[in-house]
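Thank you all for coming; please have the sequence and the model open while I talk. I will begin with charged pairs and then turn to helix packing.

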Amino acid sequence: MAAANSLSLTSAFLPRHGFHGPSHNQNVQLSTQKKQFARKAVSGWASPAWNFPYQMFSVSVLEDALEPHMSSRTFEFHWGKHHRAYVDNLNKQIDGTELDGKTLEDIILITYNKGSPLPAFNNAAQAWNHQFFWESMKPNGGGEPSGKLLELINRDFGSYDTFVKEFKAAAATQFGSGWAWLAYKPEDKKLALVKTPNAENPLVLGYTALLTIDVWEHAYYLDFQNRRPDYISIFMEKLVSWEAVSSRLKTATA
Amino acid sequence: MALRNLMTKKPFAGILTFRQQLRCVQTFSLPDLSYDYGALEPAISGEIMQLHHQKHHQTYITNYNNALQQLHDSINKGDSPTVAKLQGAIKFNGGGHINHSVFWKNLAPTREGGGEPPKGSLGSAIDTNFGSLEAVIQKMNAEGAALQGSGWVWLGLDKELKRLVIETTANQDPLVIKGPNLVPLLGIDVWEHAYYLQYKNVKPDYLKNIWKVMNWKYAAEVYEKECP
């Protein structure tokens, strides 16, 4: 277990949503890097301030926390292999370079390079996207949004039902690998649905991300095989954390 | 409407229109495999083969047929925005059908020659273009492993230049997208659905093992047809 926990990434959301349990972080080591950056307070996902060396979130993840809707087996690979590889490979890629020491968000924006991504973009963006994804869900999730979030959904989509229909359609029609997002556009203060291929995310568009679903096949294949629409439905009905989405909106509109 | 056209001043034009309306959009259907789903084990599991063929490939065909029908209708109506909008679905689903149709043929059970290296003119061409068969396999595996997201890695023939190429395509783009003269000899599907149930995140193991069921006979036939 990472001892020097001044570098632990804490999340505003995970403790509330019960992602506790026996430590599964035995493989997550604090990097033995000489430089140890002070971690800035993470005040929600609008501006995560991860510093190098990036880590998997150190809050213990109970792999079966989202059963039966997302299996522990999926978690074992998705979190334990795919996400971990993005983080490990990112650290290797930026060690000793000018990206060293920058926040993860800055690295994403720099390496996006206006649409001609540099090598570190894929790992940086995927590390961010997956963290954001885990924190978009909670055990006993689902239900409906409320408050300001619901107000904006009704305003910008017509109704919650229309939003759900359009979000599901976006997630189902992202050809190949990618993500579907609910985002907030600071320019016109409106909500927007975005679908992105591979590692791309709405940060590169200057939007604030509020919610995401991973539609790479590895996210659902063990549980749903080819049935991506079923996975998307379960995500909306049983997994989505509207508290997380509302919190992110609050930060974005503060 | 057809009868009204037949009775216009230009009966010949009316008959032509009527005939045109009889012409249907060709529909595509799922090709059979020439081997059982389990016949490629242990390289590729029967579970994957069945899902891949009956679900994934069939879905591309169903969506391709739908998109073509919609395209046909929107062309007839002169609905250009819809015509333009459909291009993505046609490329994706049509490409999926093209690519998978090649893929089933470029795999074969080991007892039917799967994995046996190519002889004859393709074997020589491989040595000329890449130095050795091992070099081809190594390069294709490296490109397949490095491909981010979904896509294919191909051994292709440039039929104009009579040269072999190794290329990757994203998503379901067919090889011809990379060059109008390119003909696929072998393709390896590196979408996660092609290997995930068996190999999980370890794509390199899938790439290593698929060569044991590679149907070089098919590749050689295609090559010899283009380079007699």
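Let me start with a question: does Asp156(A) count as buried, partly exposed or exposed, and at what relative accessibility? Bearing in mind that this is a predicted model, the computed value for Asp156(A) is 22% relative accessibility, so Asp156(A) counts as partly exposed. Its side chain meets that of Arg155(A) in a salt bridge, at 2.8 Å from N to O, and Arg155(A), at 48%, is likewise partly exposed.

In chain A, Glu243(A) pairs with Lys138(A), with the closest N and O atoms 2.9 Å apart. Because Glu243(A) lies in helix H8 and Lys138(A) in the loop between helix H3 and helix H4, this pair ties together parts that are 105 residues apart in sequence. Glu243(A) is partly exposed at 35%, whereas Lys138(A), at 14%, counts as buried.

In chain B, the side chains of Lys178(B) and Glu167(B) meet in a salt bridge of 3.4 Å, N to O. Here Lys178(B) lies in the loop between strands S2 and S3 and Glu167(B) in strand S2, so the parts tied together are eleven residues apart in sequence.

Finally, the helices: the axes of H7 and H9 of chain B come within 10 Å and cross at roughly 150 degrees, which makes H7(B) roughly antiparallel to H9(B). The contact is made by Asn141(B), Gly144(B) and Ala145(B) of H7(B) together with Lys203(B), Leu207(B) and Lys208(B) of H9(B).

Notes:
Residues numbered from 1 in each chain as written. Chains lettered and ligands numbered in written order. Predicted model: local features only at pLDDT ≥ 70, side-chain atom pairs only at ≥ 80, totals over all residues. Heavy atoms only, no water. Axes fitted to C-alpha atoms, helices over the stretch in contact; angles between N-to-C directions. Helix = DSSP H or I, 4+ residues; strand = E, 2+ residues; numbered from the N terminus. Parallel < 35°, antiparallel > 145°, perpendicular 65-115°, else oblique. Contact = heavy atoms within 4.5 Å. Salt bridge = Lys/Arg side-chain N within 4 Å of Asp/Glu carboxyl O. Buried < 20%, exposed > 50% of the residue type's maximum accessible area, 1.4 Å probe, protein only.
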